[in-house]
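Colleague: Could you take me through how to read a pocket and then a few charged pairs, with the cut-offs stated as we go?

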Amino acid sequence: MDQARRLQLLVEKVHPQSRLLRTWELQGGISARMTGLEIALPGGERRKLLVRQPSEAARARNPRSAADEFRLLQHMQTTGVATPAPYLLDESGDLFAQPVMLIEYIEGEPLFAPTEPGDFVSQMAAQLVHIHQVTASYPTLSFVTKQAERLAPWLESRTAPFDDSVQEGRIRAALTPVWPLPQPRELALLHGDFWPGNVLWRNEQLVAVIDWENAVMGHPLADLAVSRLDILWVCGVDAMHEFTRCYRAATDIDLSDLPYWDLYAALRPASCLAEWAAVYPTLGRPDITEETMRRDHRVFTEQALAKLGL
């Protein structure tokens with residue numbers, strides 16, 4: 001059975017007697033293959049859908065990746081967080097070798113060169129606050145992995161030689177005595193990779209947060225720190241500080257441990273910064289290079305270490 005026929009049969013599970021008009025592959029999917037669909041409903045209305053198939057690497061990390069993300073998206077529809085609506089989880093194996101999700105197609109694109117950086121980070125911060133207001137007190141989220149389970153072995157999961165170009169040894173020396181970092185009394189939902197590439201915009205208005213496969217229940221400062229570094233790379237240091245200010249103004253969170261979480265975020269691109277940098281020219285930002293990212297990473301790391309007196 002060819003791909004078009006499989007997709008037609010998948011769509012019919014949600015919209016019987018609909019007709020598949022066209023398909024296209026979406027760029028930028030690393031953790032999943034994403035295919036856009038346009039269908040015609042029996043009454044003639046046209047609608048777009050998205051098929052999301054977790055990558056082999058994502059399934060290796062979590063064999064239930066598709067099912068967990070689908071359940072999370074179902075829950076998120078009740079929270080007001082801007083996420084695609086989930087329509088179908090197909091785990092039958094009849095059409096595809098691995099589980100696939102059929103979800104809402106959101107008309108929008110990631111924004112990597114905002115004309116108003118202040119408004120951009122303000123909307124980003126407001127959405128992140130909204131995500132973190134979803135807490136572990138929701139019984140329907142009991143299946144979401146606890147961040148502490150992933151953090152405990154994380155620092156030891158990589159062995160020497162370390163990447164001195166991002167001061168990996170120095171960061172590890174600062175984190176090792178306090179690792180794993182303490183968790184709050186009430187865990188919050190973390191997106192896990194809240195960067196501009198996972199946020200969709202239309203007319204410079206935030207319309208959706210996508211790619212939830214890294215979601216965990218844990219410390220909000222982890223998400224905040226990851227976003228701070230990515231915003232520094234995309235929009236500069238002033239935008240990073242404004243993003244942090246907007247987030248802090250909307251919460252009563254204690255930022256005392258933020259330098260440690262900044263170091264956690266700074267360690268994530270160790271030995272793969274060149275790979276991360278290679279993506280930006282394809283996103284319309286050839287000015288973001290490995291050199292500029294290493295420069296900004298150094299600034300980010302130094303400010304965290306300085307706050308810790310190291």
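Modeller: The residues lining the second largest pocket divide into 8 nonpolar, 6 polar and 5 charged, where Ala, Val, Leu, Ile, Met, Phe, Trp, Tyr, Cys and Pro count as nonpolar, Asp, Glu, Lys and Arg as charged, and the others, Gly among them, as polar. This is a predicted model, in which local features need pLDDT of at least 70 and side-chain atom pairs count only at pLDDT 80 or more, while totals for chains, interfaces and linings use all residues. Residues are numbered from 1 along each chain as its sequence is written, and side-chain values use heavy atoms, with hydrogens and water left out.

Colleague: Which residues lie nearest the centre of the second largest pocket?

Modeller: Rolling a probe the size of a water molecule over the atoms shows where empty space is left. Here Glu-186, Ala-188, Pro-220, Asp-252 and Ile-253 lie nearest the centre; a pocket is an open set of points on a 1 Å grid over the protein atoms alone, where a 1.4 Å probe fits, with protein on both sides within 12 Å along at least five of seven lines, and lining residues have an atom within 4 Å of a point.

Colleague: How far apart are the closest N and O atoms of Arg-228 and Asp-262?

Modeller: Side chains of opposite charge can pair when their charged atoms come close. Arg-228 and Asp-262 form a salt bridge (a side-chain nitrogen of Lys or Arg within 4 Å of a carboxyl oxygen of Asp or Glu) at 2.8 Å. Both Arg-228 and Asp-262 are buried, meaning under 20% relative accessible area with a 1.4 Å probe and protein chains only. The structure holds 18 salt bridges, and Arg-52, Glu-69, Asp-211 and Glu-213 are linked in a network of them.

Key:
Buried means under 20% relative accessible area, exposed over 50%, partly exposed in between (1.4 Å probe, protein chains only).
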